[in-house]
Amino acid sequence: MKLHRVAAVATLGTFLSLPVSLVAQEYALLQHVSQSAHDRAEREQTEKDHRNHTGAKIVGGSAAGGAVVGALAGGGKGALIGGAVGAGGGAIANKVRKDKAVKDREQRESEYRHDHHDNPR
């Protein structure tokens with residue numbers, strides 16, 4: 001009798017957990033599609049940045065600006081410190097800019113896909 005009860009509970013548990021596993025599979029598929037779209041957008045943005053030397057321009061310009069302000073404030077030592085601080089700030093600004101550009105690319109691709117797949121001509 002106990003074996004029948006155990007088998008019944010196991011069978012019932014299997015049936016009840018089936019919808020949960022399907023939702024988990026759909027979520028994993030959605031994450032995979034979303035991750036591949038993110039990877040593509042990040043790769044395209046990196047290629048564009050490398051082609052235009054965007055990161056070097058931002059970091060270098062920030063370092064130069066920091067060095068000028070540091071030189072005016074504290075001479076040679078101030079220029080060195082200001083250049084380092086400017087380069088660090090430029091690196092952070094470049095990272096923020098790149099992350100925003102990748103997010104914008106993902107959004108444009110998502111809108112494009114939504115517009116062209118929902119309204120076929």
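I count a residue as buried under 20% relative accessible area, exposed over 50% and partly exposed in between, with a 1.4 Å probe and protein chains only. At 52% relative accessibility, K100 counts as exposed under that scheme.

**Ground rules.** I am reading a predicted model, where local features need pLDDT of at least 70, side-chain atom pairs count only at pLDDT 80 or more, and totals for chains, interfaces and linings use all residues. Residues are numbered from 1 along each chain as its sequence is written, and side-chain values use heavy atoms, with hydrogens and water left out.

**Overall.** I looked up the secondary structure and found 2 helices and 0 strands. Helices (H or I, at least four residues) and strands (E, at least two) are DSSP runs, numbered from the N terminus. Helix α1 covers residues 2-52, and helix α2 covers residues 54-118. Of the 121 residues, 16% count as buried.

**Contacts.** A contact means heavy atoms within 4.5 Å. I took the contacts between residues at least 6 apart in sequence; 70% of these join residues at least 24 apart.

**The loop.** H53 lies in the loop between α1 and α2. Its phi is near 55 degrees, a positive value in a residue other than glycine. H53 is exposed, with a relative accessible area of 52%.

**Salt bridges.** I searched the whole structure and got 5 salt bridges. The criterion is a side-chain nitrogen of Lys or Arg within 4 Å of a carboxyl oxygen of Asp or Glu. Side chains of opposite charge can pair when their charged atoms come close. I wrote out some of them.

- E109 and R40 meet through their side chains at 2.6 Å, N to O. The pair links distant parts of the chain, with E109 in helix α2 and R40 in helix α1, 69 residues apart. R40 is partly exposed at 31% relative accessible area.
- D49 pairs with R97, the closest N and O atoms being 2.9 Å apart. This pair also links distant parts of the chain, D49 sitting in helix α1 and R97 in helix α2, 48 residues apart. D49 counts as buried because its relative accessibility is 8%, whereas R97 is partly exposed at 24%.
- K100 pairs with D104, with 3.1 Å between the closest N and O atoms. Both are in helix α2 and 4 residues apart, so about one helical turn separates them. D104 is partly exposed, with a relative accessible area of 31%.

**Q45.** Is Q45 buried or exposed? I found 4% relative accessibility, so Q45 counts as buried. Q45 belongs to helix α1. Which residues does Q45 contact, leaving aside its neighbours within four places in sequence? I listed R97, K98, A101, V102 and R105. R97 is also the salt-bridge partner of D49.

**K77.** K77 is in helix α2. K77 is exposed, with a relative accessible area of 65%. I also checked the C-alpha separation of K77 and A67, which are 10 residues apart along the chain, and got 9.5 Å.
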